[in-house]
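Subject: Structure handover

Hello,

Here is the structure we talked about. Please open it alongside this email, and my notes follow below.

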Amino acid sequence: MPKSYLETHLDANGFFGKYGGSFIPPVLEKPFADITQAYAELKNSPKFISDLKYVRKHYQGRPTPISYAKNLTEHCGGAKIYLKREDLNHTGAHKLNHCMAEVILAKHLGKKKVIAETGAGQHGVALATAAAYFGLECEIHMGEVDIIKEHPNVVRMKILGAKVIPATHGLKTLKEAVDSAFESYVPQADEAIYCIGSVVGPHPFPMMVRDFQSVIGFEAKEQFLEHEENLPDNIIACVGGGSNAMGIFSAFIDDKEVALYGVEPMGRGDKLGDHAATLTYGSEGVMHGFNSIMLKDANGEPAPVYSIGSGIDYPSVGPEHAYLKETGRTQIGLSNDEEAVDAFYKLSQLEGIIPALESAHAVAFAMKLAKTLPKDKTILVNLSGRGDKDIDFVIENYPIPNAKF
Ligand SMILES: *Cc1c(COP(=O)(O)O)cnc(C)c1O
């Protein structure tokens, strides 16, 4: 039997084609080699697999369902739209899927503390949750701008016992939070582990986080057959770093008849600084320890980025996304702020589901795609998270539309 895509990707040095790898200062080489080795051992350990299955079922609330969005489908008048409900995962987004596993790995390595960055606060909340459950200390770095915008998640992290450290340089959002977390990690690498929040960073994180998130795709593959007795024709997920997208894509990469769309945020326009559509407008470059496609300014440094979705405004992207786009296996969709807010309200009022603004980008693209397709076609959207964290921001900036569209 030919080997599956997941068995053959990535190579021994941590590359997907030319993307990925590990570009880190010498002091971090040993800690990252330890993590790589620990993961190689744990990956096939029956105890690790059963521990993870246990927490997923009895603590996180997996499997999350797939819901048919009947009213939204009728509203769009084309292909049938289904939602994989990661908003129902404990803590309200897909992030806990890799956080629980990363913290089990941290314990296996004898670490006492986990450190991470967070954008919208979802990764911070998920990691603080996993740290509380497994009894480790937790330190979260967050841009000052996001601290104000995502206030409820900051409070949650603190209640869960985490220390929240503001990133005060540059644009004070996600990229700066990563810079700040790395800086803090270097002198603490003996007792702490950096738990990256997406399929980004140096090897082995892009592979490890993908593997931990692949539970979304493998569940979805079985569940979708219950609804349609067939695989979905199209799968759509928003892409920040790309973990929820890799999570749902990974189970379908060998199924060539399934079209895979990663949706990037167009923010408020196509000028550099107004969006975070990295794969669409970026070029090859190394940042945060890995080679990928990146948005650069005139000096080749990471460009300023913007999106209404705080979890998707990142100037690089997971190396596997760069690879899959280049090979033609995935396609890129685009949604801007306005379309995301429209989808936010439509999903709320037509389906009773308030989506995260990040996820609303995927819903918005699904609505556009559905309209171009016949009624017997299907679309599965990965609804990466719920929108409770965004309600104050949305209501202050965008009036509630008339319930009848
Ligand atoms: C963090 C986050 C994202 C973006 O991260 P990916 O790694 O691209 O998945 C998307 N949606 C939600 C709800 C998030 O919390």
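In which helix does lysine 175 lie? It lies in helix 9, residues 174–185. Before going on, note that this is a predicted model.

Is lysine 175 buried or exposed? Its relative accessibility is 18%. The cut-off for buried is under 20%, so lysine 175 counts as buried. Leaving out residues up to four places away in sequence, lysine 175 touches Met287, His288, Pro302 and Pro315.

Now the cores. The largest nonpolar core has 89 residues. Which of them touch the most other members? Val114 and Leu127 do. Helix 5 (residues 96–108) gives the largest share of this core, eight residues. Domain 1 (5–57 + 95–209) and domain 2 (61–92 + 214–397) both contribute residues, so the core lies between them.

Look at valine 114 next. Setting aside neighbours within four places in sequence, its contacts include Val103, Ala106, Leu127 and Ala131. Also among them are Ile193 and Cys195. Another core, of 35 residues, lies apart from the largest one. Its members include Ala79, Tyr261, Val363 and Leu369.

Helix 16 covers residues 357–371. At 1.5 Å a residue, its 15 residues should span 21 Å. The end C-alpha atoms are 21 Å apart, which agrees. Why is helix 16 said to be largely enclosed by the rest of the structure? Because 13 of its 15 residues are buried.

- Histidine 94: a polar side-chain atom lies 3.1 Å from a ligand oxygen.
- Glycine 240: a backbone N or O atom lies 2.8 Å from a ligand oxygen.
- Glycine 241: a backbone N or O atom lies 3.2 Å from a ligand oxygen.

Last, tyrosine 306. Where is it found? Tyrosine 306 sits in the loop between strand 12 (290–294) and helix 14 (319–326). Tyrosine 306 and leucine 272 are 34 residues apart in sequence. In space, their C-alpha atoms are 9.1 Å apart. Not counting residues up to four places away in sequence, tyrosine 306 touches several residues, including Gly267, Arg268, His275 and Asp337. With aspartate 337, the side chain of tyrosine 306 makes a polar contact of 2.4 Å, side chain to side chain.

Best wishes

Notes. Residues are numbered from 1 along each chain as its sequence is written. This is a predicted model: local features need pLDDT of at least 70, side-chain atom pairs count only at pLDDT 80 or more; totals for chains, interfaces and linings use all residues. Side-chain values use heavy atoms; hydrogens and water are left out. Helices (H or I, at least four residues) and strands (E, at least two) are DSSP runs, numbered from the N terminus. The expected span of a helix is 1.5 Å times one less than its number of residues. Buried means under 20% relative accessible area, exposed over 50%, partly exposed in between (1.4 Å probe, protein chains only). A nonpolar core is a set of buried Ala, Val, Leu, Ile, Met, Phe, Trp, Tyr and Cys residues joined through side-chain atoms within 4.5 Å. Domain bounds come from an automatic or database domain assignment. Contact means heavy atoms within 4.5 Å. A polar contact is a pair of N or O atoms within 3.5 Å; within protein, one must be able to donate a hydrogen and the other to accept it, and residues adjacent in sequence count only if both atoms are side-chain atoms.
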